[in-house]
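Me: I have a model open and some questions about it. Have a look and tell me what you can.

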Amino acid sequence: MWAASCLASCCAACACDACRTVVSSISRRSARIAYCGLFALSLIVSWILREVAAPLLEKIPWINQFNETHNREWFETDAVLRVSLGNFLFFTILSVMMVGVKNQKDPRDSLHHGGWMMKVICWCLLVIFMFFVPNEIVSFYETFSKFGSGFFLLVQVVLLLDFVHGWNDKWVGYDEKFWYVALFVVSLVCYLATFVFSGLLFHWFTPSGQDCGLNTFFIVMTLMCVFVFLIVALHPAVSGSILPASVISMYCTYLCYSALASEPRDYECNGLHKHSKAVSTGTLTFGLLTTVLSVVYSAVRAGSSTTLLSPPSSPRSGAGKPLLPLDKVDEHEEKEKSKPVSYSYSFFHIIFSLASMYSAMLLTGWSTSVGESGKLVDVGWPSVWVRMVTGWATAGLYIWSLLAPILFPEREF
């Protein structure tokens, strides 16, 4: 007994030392990766609790307050939402605390990059505390998450448009024949992939002998958007390019596929329904991996591209040199401390807050289809319409990015 106690104490001490070593090794450059890792941990915890926590939640009186016990899927959804709520509060609190941080001299800059042991402890306490809040709060958060998830998808669309236009401008800026040929080749590949994929969509999701008018409508609308992109981008009055049009076309086609694949497995027009059992684990893993990657990209790119909060002392603002120069050492230290932050910390954490709501909706089938689709991720009619609306919003924003400079020539876009 004594030996076992000593062994347990040694293991606990080693675990604490290991955690302390890992936390202390997080530098300024790796802080964003650490936040992404913490978010990924929240997804893993949500996934595990969705699988095992239902019997436990049924025994908690302030959660199971009903005259008739809900089905198992209700408790699975509740567990995911409570973890998501704790994650949402953690990043929202950090976002509020980081409002107005403009240079590294601000004490909150160290808070953003350091104090990881305390942050992990606070995150754990927040997640645990969420299992003691009333069901009404979780229900409100469930409704609120649907709107927050929409904002997250909108941010992704804006970032995609910004990336595609930047990619095109960079290659055109080289003004060499090789890069023009590369633009044409990439555009051609994207369009070939778009039309081949569209043909597969007709084959998979409009089987013969079935009335699949809705699926046909979705696919035809997507193809119409593809042709509109090309016509508008090549119009002489629009300073467009074929590369952004081809990439956005391929992305909209992917969103159409994602929407159709999210239809319930027992829907006769869903050509994937016969393989539902075979792909459930793969779909779950792919859904989580896609979410983590999209959140990492969105958070890093969105935060890093925000330069509007640069302080007056920033080189971007054109501030002059001081009237009385300091010693070289003091001047170097002063410059290091007064460097402007490279991205908006507050906006960075807001992206993770929105992503927390979006991941909860993925894991619960937008909180309405878990019972219909079993363990599958992002399956159900709400997911279908969210994907299609996102595709139409992408089309609208891309067309607007081409027409806005013509409609409002006096403004900068």
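Me: Which residues of H7 meet which in H10?
Reply: Leu160, Leu161, Val164, His165, Trp167 and Asn168 in H7 meet Leu243, Pro244, Val247, Ile248 and Tyr251 in H10. Contact here is heavy atoms within 4.5 Å. By class that contact has nine nonpolar, two polar and no charged residues. Nonpolar covers Ala, Val, Leu, Ile, Met, Phe, Trp, Tyr, Cys and Pro, charged covers Asp, Glu, Lys and Arg, and the others, Gly among them, are polar.

Me: Is this predicted or experimental, and what are the caveats?
Reply: It is a predicted model, where local features need pLDDT of at least 70 and side-chain atom pairs count only at pLDDT 80 or more, while totals for chains, interfaces and linings use all residues. Residues are numbered from 1 along each chain as its sequence is written, and side-chain values use heavy atoms, with hydrogens and water left out.

Me: At what angle do H7 and H10 pack?
Reply: About 145°, with the axes of H7 (residues 135–173) and H10 (residues 242–261) 9 Å apart. Axes are lines fitted to C-alpha atoms, for helices over the stretch in contact, and angles run from 0 to 180 degrees between N-to-C directions. Helices are DSSP runs (H or I, at least four residues), as are strands (E, at least two), numbered from the N terminus.

Me: How many helices and strands in the chain?
Reply: 15 helices and zero strands. Buried residues (under 20% relative accessible area, with exposed over 50% and partly exposed in between, 1.4 Å probe, protein chains only) make up 41% of the 413 residues.

Me: How many disulfides?
Reply: One. Cys212 and Cys269 form it, with their sulfur atoms 1.9 Å apart; the criterion is a pair of cysteine sulfur atoms within 2.5 Å. The torsion about the S-S bond is about -95°, so the disulfide is left-handed.

Me: Where do Cys212 and Cys269 lie?
Reply: Cys212 is in the loop between H8 (177–205) and H9 (213–234), and Cys269 in the loop between H10 and H11 (276–304), so the pair ties together parts 57 residues apart in sequence. Cys212 is buried at 5% relative accessibility, and Cys269 at 0%.
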